[in-house]
Structure formats: structure tokens, C-alpha cells
Amino acid sequence: MSNIIVSPSILSADFVNLERDIKRVEEAGADWVHIDVMDGHFVPNITIGIPVVKAIKRITKLPLDVHLMIENPDKYIVAFAKAGADIITVHYEACKDDLKNVIEMIKACNIKAGVSIKPKTSQEWLTPYLKDIDLALVMTVEPGFGGQEFLHHCAMKIPKIKEQVDDNFIIQVDGGINNITSKICTSLGANSLVAGSYIYGSDDIKHSINCLKNIS
Ligand code: DX5
Ligand code: ZN
């Protein structure tokens, strides 16, 4: 058994065969399904939205880990929760002064609340909110695209968050995670790993997920 939550990012899946690709990771031992929602404003890319989350909910029992890379997330939280999100993570940079309200909105939907920080944002901004949220997401690439190189300096935020939270708190990393960078992050205190290209680019998905979970 492993206490590392692996959340494959479907951004690297084959969208023509999304059901097949989600079932593949489910059968291979994934814990969550990571869904990257991008609006073309907060990040320079557009991906998927509420109807797709609703459709995915029908074909998997895994919790849906919805990463909102969008401006004004407050406008869409209830809709994503109704569509089936089990965890909603918003970006600190998209909320700033409104973050307390946004967290309350997510919690009012009875789902887990996460807050993410981009590579240039210090983890210090999260401190006032850590007691109210379930998950902190440390981006280890600039959000927007899969397949980018892991930014090592971002991982140094992990222990600084870890020392402020208890063992139930989820510290997730996202971007450039593979069999090597995952070890760096988990040894620093991360307990949830998002991986897109490493998992979906693999010939042996079960083996790759086991590597992330430290099971050999
Ligand atoms: C990037 C997304 C990631 C992305 C990760 O903005 O948030 O979830 O899919 O992709 P890899 O694992 O390929 O870096
Ligand atoms: Zn993501």
C-alpha cells in the first residue's frame, strides 16, 4: 500500500477515446482523475469544461480532481460541483482578495477545496488559508500545457507548506512529474502527484503508476 494519491491528468489522454483512457488508469491503480480546465484568459490555452466533467462522472467511480485554471472561478464552482467534481482547486492568482469567499463556496458544496500557486507565487500567500482548505497544489511548471520540464525551484515550497499542516493535509504537485521528479517531491513532503505525459505516454501504465506510488 502507498499513501501517495496519484491523479493522472487527462490532458495527455486521447480525447477521442477518453472513456477507454480513463478506465485504463482506473484499472492501473490511479486514485483520482485530474481534469485541467483552462479558459484562454488565466492561461493561454483552452481545454474542457462543465459538460465534459459531467460525462466523465458517468464512466468512472474515481474522484474527479478538477483543476480550474480560469479567471473568476466563483462563477463556475457550483456548476462544476453539480457536474460531479469531488475536489475543486482554484488558483490563488485568480482569486487574491476574494479567496476566502471562493473557498467557502467550494466547502458549501461539500467537496474538497484546493488552492494552487503558479511557479512565481510564494507559498507564503497560502498561509492564512491553510486551515480552511484540504489541498495545496504547488505548480511545478507554468500552467497551460502538458509535457513541460519540471521546475526544480518550485519543489522547495513543499516543505515550507508541510511544516504548517497536519498529516491529513494534501500537498499536491503538478507539472513535469515522472519517476525521478516524483521522488524529489514526495521526499520533500508531497503526498499527491499529478502526471499527464508520464502516465499516458507510458507503454506500461500500471508500472508507471506504481513507480509514482513507490511500489515496485
Ligand atoms: C498544466 C496542467 C497539468 C498537465 C501536466 O497546466 O495543470 O495537469 O496536464 O502535464 P505533465 O504531467 O505532462 O507535465
Ligand atoms: Zn493540472
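How far from an oxygen atom of ligand 1 does a backbone N or O atom of Gly196 lie? The distance is 2.8 Å. The views below show a predicted model, in which local features need pLDDT of at least 70, side-chain atom pairs count only at pLDDT 80 or more, and totals for chains, interfaces and linings use all residues. Residues are numbered from 1 along each chain as its sequence is written, chains are lettered from A and ligands numbered from 1 in the order in which they are written, and side-chain values use heavy atoms, with hydrogens and water left out.

**View 1. The zinc ion (ligand 2) and its donor residues.** His34 (NE2), Asp36 (OD), His67 (ND1) and Asp174 (OD) coordinate the zinc ion at 2.0 to 2.3 Å. Donors are N, O and S atoms within 2.8 Å of the metal (3.2 Å for Na, K and Ca); water is not among the atoms, so sites may look incomplete. The site has six donor atoms, with angles of 70 to 168 degrees among them, and is octahedral (six donors, opposite ones over 155 degrees apart and all others between 65 and 115). Along the sequence, the spacing of the donor residues of the zinc ion (ligand 2) is H-x1-D-x30-H-x106-D. Asp36 belongs to strand S2 (residues 33–38) and His67 to strand S3 (residues 64–69), so the pair ties together parts that are 31 residues apart in sequence. Helices (H or I, at least four residues) and strands (E, at least two) are DSSP runs, numbered from the N terminus. Asp36 and His67 are both buried; buried means under 20% relative accessible area, exposed over 50%, and partly exposed in between (1.4 Å probe, protein chains only).

**View 2. The surroundings of ligand 1.** Ligand 1 is surrounded by 20 residues, each with a heavy atom within 4 Å of the molecule. The closest are Asp36, Gly144, Asp174, Gly196 and Ser197. A backbone N or O atom of Gly144 is 2.8 Å from an oxygen atom of ligand 1. In the side chain of His67, an N or O atom lies 3.3 Å from an oxygen atom of ligand 1.

**View 3. An aromatic pair, Tyr92 and Trp125.** The structure holds one aromatic pair, meaning rings of Phe, Tyr and Trp (its six-membered ring) with centres within 6.5 Å. The ring centres of Tyr92 and Trp125 are 5.8 Å apart and the planes are at 25 degrees, so the pair is stacked (planes under 30 degrees apart; over 60 is edge-to-face and the rest tilted). Tyr92 lies in helix H4 (residues 92–95) and Trp125 in the loop between strand S5 (112–117) and strand S6 (135–139), so the pair ties together parts that are 33 residues apart in sequence. Tyr92 is buried, at a relative accessible area of 9%.

View 4. Most residues other than glycine have a negative phi. Asn72 is partly exposed, at 40% relative accessibility. With a relative accessible area of 71%, Asn110 is exposed.

Definitions and conventions:
Four donors count as tetrahedral if all angles lie between 85 and 135 degrees; four count as square planar and six as octahedral if opposite donors are over 155 degrees apart and all others between 65 and 115; anything else is irregular. A polar contact is a pair of N or O atoms within 3.5 Å; within protein, one must be able to donate a hydrogen and the other to accept it, and residues adjacent in sequence count only if both atoms are side-chain atoms.
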